Number of protein chains: 2
Amino acid sequence: MTSSIVGLETHDVRFPTSKFLDGSDAMNPFPDYSAAYVVLRTSDGDEGHALVFTVGRGNDVQVAAIEALASLVVGLPTDEVLTDLGGFARRMSGDSQFRWLGPDKGVIAMAAGAIVNAAWDLRARREHKPLWQLLADLSPEEIVGLVDFRYLSDALTPAEALDLLRAAEAGRGDRAASLRTDGYPAYTTTPGWLGYDDEKLARLSKEAVADGFGMIKLKVGGDRDDDLRRLRVARDAVGPDTPIAVDANQVWGVDEAIEWMGVLAPYRPYWIEEPTSPDDILGHARIRAAVSPVKVATGEHGANPVLFKQLLQAGAIDVVQIDATRVAGINDNIAILLLAAKFGVPVCPHAGGVGLCEMVQHLAMFDYVAVTGTQDDRMIEYVDHLHQHFVDPVEVRGGRYRAPASPGIGARIHDASLTEFTYPNGPAWAR
Amino acid sequence: MTSSIVGLETHDVRFPTSKFLDGSDAMNPFPDYSAAYVVLRTSDGDEGHALVFTVGRGNDVQVAAIEALASLVVGLPTDEVLTDLGGFARRMSGDSQFRWLGPDKGVIAMAAGAIVNAAWDLRARREHKPLWQLLADLSPEEIVGLVDFRYLSDALTPAEALDLLRAAEAGRGDRAASLRTDGYPAYTTTPGWLGYDDEKLARLSKEAVADGFGMIKLKVGGDRDDDLRRLRVARDAVGPDTPIAVDANQVWGVDEAIEWMGVLAPYRPYWIEEPTSPDDILGHARIRAAVSPVKVATGEHGANPVLFKQLLQAGAIDVVQIDATRVAGINDNIAILLLAAKFGVPVCPHAGGVGLCEMVQHLAMFDYVAVTGTQDDRMIEYVDHLHQHFVDPVEVRGGRYRAPASPGIGARIHDASLTEFTYPNGPAWAR
């Protein structure tokens, strides 16, 4: 009998992180890190797991959106889905009625992304490969076939993408081998949450350097004097040579960002992340021109590849920050990696949250092996939260992500954690 | 006893429009025009009604999002809400956990907009004024206080907005009077749906001219030969002097839009609407430069004022098309009207759908009376669908919207229609 997709199961999972101000920043003072979690089931018993990261309230809306899309996937033959994940991704994002709710943005795009990613997880498990390797084993033609170029080809044609991937084909084997031995560079945001006091900031900053991280990141944008003091505390802790990035989480307007960064400039921040609205391409371009040599980074809230295309076309950013669950799945992120490669801008993925490290590392590693072939100026964010809930938690040693060896995309949460943290009736919340 | 908001009630209302291909275009071949409908109730019995327009599947997700936000509004004192609708709008969009689902875009932004608009409806009913008049009676300071300038002030400061509104203060009375006697110009899309045959297109086009509409609009982008033939049919029907706009509903990439419009150019379309992704500011700028003197119009899927700000900053469009339910409510639309006024670009609202004509006319009329003071190059879209379901249906005569006199924002649907078209169990769907 032919295998088919027989079920799409969802879970509203929330961790009460706001109790400890983990994850606190100027825009998100009290997040409860959450996952709108999805399991795709096939008639032969295989499963694909994926999630959308949210920060608490509204996780139920994200779950409802994933459930609404079930009608587009349940009943499809498994092979039809897995052998054409490009077509499947277009189908999830392209339904003419659901599309109206975006288009290509927000809750409905993230829901499509969850289902697309669950299908990738299913495929990776069936092929017994971690996602990065599955992707890096595809031919350039197969990779190009995963991307929807409709709104992108004025910046990157399929032929250009193919050239770029072919140019990187030769060294794939060597880079995969080096990845397995040496991993991929990380930086950490663990010390820098806005809700941590100076003692905790100093202690965690020192630990970060001792642990081998190449950079730390501090949340800023709440209060100027606090920012200056915390930058001093962190600089004293890490010494003169470790870069410190800062992250405003969108709290500023364009002129305010420029002015505030003028105040912080003496502390030589490595980059300013999310200085303003993630939608403001022209605003980021103005900020970049004004704050140079401080770099400008954004993307974790970038809704779709069309936004990234324009950030790159406008020369608005120095660092592209992809996120594992913000766009409509791995296919969109491949599009963004290809665009960034075309424009020669490094990708430093956003991570943290719930499972974002576990998932996004695969994309950075795929980029290294099969797209850009380099780790220069590239780092994956690392935050030391909630990894214990994952079946295949990230392994970061000596400030580097180790290449995952387990099959899948990394999103699978332990059954016991799903039960414990189900909202609102799991034991963690009922207490 | 002080009045407070005691309830937020929602309805999933869908009209089976796909049966007749009303509303069919190149991106949306089979829409079922729908409303995620909301009623705010106060302890003293007053109500505010609003809706989000969708095209069918996913309307339940939109309803779920509106319900999720109920926790932010139910229990608030009515006066606190209604006397500071600027603060209320910021509160609906600014919750740090819900905001993550956008930010400021898609399902969660439209949900915030529905609740904000229901509060405006409540206030307008309490003050016994149609929305356009309520807004046009506010002082320039009060209007400026409704807008969140955080991400806009690099293009428009509160002081500039104030100057602009003060400059328009003198003629308010005369323009309100002329609006009451002469109304506001309309154009119609009724003839142009892609699913209509040539005979129906010709017949409805002739009727549109006879009815006094100043322009008709045709859907394009499905097939070039069809587009050319339909443009000929429409041109023959309306004669040489009536402008014909065309609307591609986002089906093209940037280069494709330029090429396709080159083919349609001999038929002198008045504007090309939604030639590509609504998020592609730089793409619209390139298209505009290439297709001139054909105008470029977009905005019905413009997620927030930051997008409109950039479309204007980049000189990307000739016509700003606001939509009554796409952004986070009337406050966002006021921001867009002010931005358009600053840049001197006319606003021609998108309408049609369910209740969009009823609602958006108020914003165009407010713009005329209190913002720009002109109707030059301005028209509100009109489509002759589903008005019978509204308690205060639009009145279009001689190709002009008549100024509404009934209190409210125009979104209230008849109770009988709510019952009949409730999805999936209303009689219309159960049959």
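In chain A, three strands form an open sheet in the order β1-β2-β3, and their pairing is antiparallel. Strands β1 (5-14) and β3 (47-54) of chain A stand at the edges with a single partner strand each, so one side of each has no neighbour in the sheet. From one strand to the next, the twist averages 15°. Here two strands are taken to pair if DSSP finds at least two bridges between them; helices (H or I, at least four residues) and strands (E, at least two) are DSSP runs, numbered from the N terminus. The model is a predicted one, in which local features need pLDDT of at least 70 and side-chain atom pairs count only at pLDDT 80 or more, whereas totals for chains, interfaces and linings use all residues. Residues are numbered from 1 along each chain as its sequence is written, and chains are lettered from A and ligands numbered from 1 in the order in which they are written.

Within the sheet of chain A, strand β2 (residues 34-42) runs antiparallel to β3(A) and is joined to β3(A) by eight bridges. V39(A) has H49(A) in β3(A) as its bridge partner. Helix α1 (residues 59-68) of chain A packs on this sheet, touching β1, β2 and β3 of chain A, and its direction makes about 175° with that of β1(A). Residues are in contact if their C-beta atoms, placed from the backbone, lie within 7 Å. Axes are lines fitted to C-alpha atoms, for helices over the stretch in contact, and angles run from 0 to 180 degrees between N-to-C directions.

Chain B also contains an open sheet of three strands, with the order β1-β2-β3 and antiparallel pairing. Its edge strands, β1 (5-14) and β3 (47-54) of chain B, each pair on one side only. On average, neighbouring strands of this sheet are turned by 15° against each other, direction ignored. Nine bridges connect β1(B) with strand β2 (residues 34-42) of chain B, and the two run antiparallel; T10(B) has V38(B) in β2(B) as its bridge partner. Helix α1(B) lies across β1, β2 and β3 of chain B and runs at about 175° to β1(B). Helix α5(B) packs on the sheet as well, touching β2 and β3 of chain B, with its direction at about 145° to that of β3(B).

The contact between the chains takes 51 residues from chain B and 51 residues from chain A. On the side of chain B that touches chain A, α1 (59-68), α5, α12 (254-264), α13 (281-291) and α14 (305-313) of chain B each supply at least two residues. Helix α1(B) gives the most to this side, with six residues. By class, the side of chain B that touches chain A has 24 nonpolar, 18 polar and nine charged residues. In this classification, Ala, Val, Leu, Ile, Met, Phe, Trp, Tyr, Cys and Pro count as nonpolar, Asp, Glu, Lys and Arg as charged, and the others, Gly among them, as polar.

Strand β4 (residues 184-192) of chain B has nine of its nine residues buried, so β4(B) is largely enclosed by the rest of the structure. A residue is buried if 20 or more other C-beta atoms lie within 10 Å of its own, exposed if 12 or fewer, and partly exposed in between, with C-beta atoms placed from the backbone. With strand β12 (residues 400-401) of chain B, β4(B) pairs in the antiparallel sense over two bridges, and Y184(B) stands opposite Y401(B) in β12(B). The pairing of β4(B) with strand β10 (residues 380-382) of chain B is parallel, over three bridges; in β10(B), E381(B) is the bridge partner of Y187(B). Parallel pairing over two bridges also links β4(B) to strand β5 (residues 216-219) of chain B, where L218(B) is the bridge partner of G192(B).

Tyrosine Y368(B) is located in helix α16 (residues 356-371) of chain B and counts as buried because 24 C-beta neighbours lie inside 10 Å. Residues up to four places away in sequence not counted, Y368(B) touches R175(B), L179(B), Y184(B), G373(B), T374(B) and Q375(B).

Key
Contact = placed C-beta atoms within 7 Å.
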